[in-house]
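Dear colleague,

Please find the structure below, handed over for your use. My findings follow it.

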Amino acid sequence: MSENTLTIDGKPVHFKDGDTIMEAAIRAGIYIPHLCHDPELKPQGNCKMCEVKVNGRNCSACTFPAAEGQKVLNNIKELNENRRIIVQMLFVEGNHLCPGCEKSGNCKLQAIAYSVGMMEYRFPLIYPKREMDTSHPDILLDRNRCIFCEMCVRAGREVDGKEVFAISGRGIGNHLIVNSPSGLLKDSLLEVTDKAANVCPVGAIIIKRHGFEVPIGQRIYDKKQIAEVSVATEKVLEEKVHG
Amino acid sequence: MAEKLKIATTSLGGCFGCHMSFLDIDERIIDLFDLVEFDRSPLTDIKHCSEYVDIGLIEGGVCNSENVHTLREFRKSCKVLIAVGACAINGGLPALRNFIPLEECLAESYLTGEGIDNPQIPSDIELPLLLDKVHPIHELVKVDYFLPGCPPSGNAFWRFITDLAAGKTPTLPYDLVHYD
Ligand code: SF4
Ligand code: SF4
């Protein structure tokens, strides 16, 4: 094998110096499930969906550096079962009523749940009480659906140059807070064109007045699996950002 | 010919949308009658399950005391119990009231809400008592299979039931799995 090569599920993958396993996989057109990775943002390893086995040990592909000769396992039964359980935990710890959610069909959490065959919740539902913030003229924040991936937090800080969102509290008390004198979105610096307003993988941050522009049943993941969609879109972005 | 499978169906805290969608199997219902016969169901108006039923389809979550009795009757009679649709699986939209104390829900509907005259909270021995919260059915009884969707499509019903009738574990292809 040539220099800078590892394998993912037996397939040789070339990587560049400084790549994480996720970056190498994206460039090679291999899908490793993820909810909190975006080529434009620094990886943080929050969602644990990208857990892979590297030479027999479990690691987050988005933060683990690629190295010569690594044997990475990704699309295997054991890991996909872990992913299903993580997704089930995300569903029961929030309030995910998909039939009433504008993100349905375009939602990455739902799409991963479909692709790992989640038919049920497995755990008792918590039904936590979470606040909505409808104050902003263009943007809706529904904390019921927040999965604490911190995409909005990081996009604000790293791309928009604004500290709008942060996660406060610990464990089950986690909640998304807004940086403004009133704590409301309308008094924050968030604008509809910001990356932070458009990066949420689920239906927690929604741009107003675009509801049902695309009918249910014709949305991104209604017909295509997230693996296919992700490979097609993220490779371009990855090459643009990291070459 | 092998004996027909007995199917029972009911709606607990549901909108009957799942039942309507079941009927979207359209003319395949004629083929279905070669495989199954209906026991307790709003489609037959039979009020109680026979002692032995092969497949029970439950639409809707558990909202009140009558739902609890019905669900237990189904579990007792049905060899295979299927949670059908979003509400049976996660409480669905009726579970939106889980964030509001029951007293406040009742007050809004019957005492203080818009356009109410003669305000009083209904209370009659004939009326089932509301539970404090809406529950998905797997929190009360063991559920064998889950058929998601709001509602699941006619094709999803067809696939599930024909798989079961063929003695297979029901599986859905990607395009028949929906939570909405
Ligand atoms: S955010 Fe996604 S999973 Fe949650 S309710 Fe909306 S569509 Fe469903
Ligand atoms: S609002 Fe969306 S992007 Fe922000 S942490 Fe919650 S789920 Fe992630």
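The notes below take the two chains in turn, then the interface between them, and finally the surroundings of the ligands.

Please keep in mind that this is a predicted model.

Chain A

The secondary structure of chain A amounts to 7 helices and 10 strands. Its C-alpha atoms occupy a box of roughly 55 × 40 × 35 Å along the principal axes. For 243 residues a compact globule would have a radius of gyration near 18 Å, and the 18 Å of chain A agrees with this. Of these 243 residues, 50% count as buried. When contacts in chain A between residues at least 6 apart in sequence are considered, 65% of them join residues at least 24 apart.

Chain B

Chain B contains 6 helices and 7 strands, and along the sequence they follow the pattern β-α-α-β-β-β-α-β-α-α-β-β-α. Its radius of gyration is 18 Å, close to the 16 Å that the globule rule gives for 180 residues, so chain B is as compact as a globular protein of that length. The C-alpha trace of chain B spans about 60 × 35 × 30 Å along its principal axes. Buried residues account for 49% of the 180 residues in chain B. For contacts in chain B between residues at least 6 apart in sequence, the share that joins residues at least 24 apart is 76%. Chain B exposes about 9,400 Å², and 55% of this comes from carbon and sulfur atoms.

Two local features of chain B may be of interest. In helix H5 of chain B, which covers residues 102–112, B:Leu102, B:Cys105 and B:Ala107 are buried. The cover over the buried residues of H5(B) includes strand S6 (130–135) of chain B.

Apart from neighbours within four places in sequence, B:Phe38 is in contact with B:Ile7, B:Thr9, B:Phe22, B:Leu32, B:Phe33, B:Leu43, B:Thr44 and B:Ile46. B:Cys78 is 40 residues from B:Phe38 along the chain, and their C-alpha atoms are separated by 13 Å.

Interface between the chains

The size of an interface is often given as the accessible area lost when the parts come together. Here, the area buried between chain B and chain A is about 2,300 Å², and carbon and sulfur atoms give 66% of it. In chain B, B:Phe99, B:Tyr174 and B:Tyr179 lose the most area to chain A, together 38% of what that side buries. The contact involves 25 residues from chain B and 29 residues from chain A.

Ligand surroundings

Which residues are found around ligand 1? They are A:Phe91, A:His96, A:Leu97, A:Cys98, A:Cys101, A:Ser104, A:Cys107, A:Leu109, A:Gln110, A:Arg145, A:Val202 and A:Gly203. By type, the shell around ligand 1 divides into 7 nonpolar, 4 polar and 1 charged.

Ligand 2 is surrounded by 13 residues, of which the closest are A:Cys146, A:Cys149, A:Glu150, A:Cys152 and A:Cys200. The shell around ligand 2 has 12 nonpolar residues, no polar residues and 1 charged residue.

With kind regards

Terms used: Residues are numbered from 1 along each chain as its sequence is written. Chains are lettered from A and ligands numbered from 1 in the order in which they are written. This is a predicted model: local features need pLDDT of at least 70, side-chain atom pairs count only at pLDDT 80 or more; totals for chains, interfaces and linings use all residues. Side-chain values use heavy atoms; hydrogens and water are left out. A residue is near a molecule or strand if one of its heavy atoms lies within 4 Å of it. Ala, Val, Leu, Ile, Met, Phe, Trp, Tyr, Cys and Pro count as nonpolar, Asp, Glu, Lys and Arg as charged, and the others, Gly among them, as polar. Helices (H or I, at least four residues) and strands (E, at least two) are DSSP runs, numbered from the N terminus. The radius of gyration is taken over C-alpha atoms; the globule rule is 2.2 Å times the number of residues to the power 0.38. Buried means under 20% relative accessible area, exposed over 50%, partly exposed in between (1.4 Å probe, protein chains only). Contact means heavy atoms within 4.5 Å. Accessible areas come from the Shrake-Rupley method with a 1.4 Å probe; for residues, only the protein chains shown count as cover. Buried area is the accessible area (1.4 Å probe) that two parts lose on being put together, summed over both.
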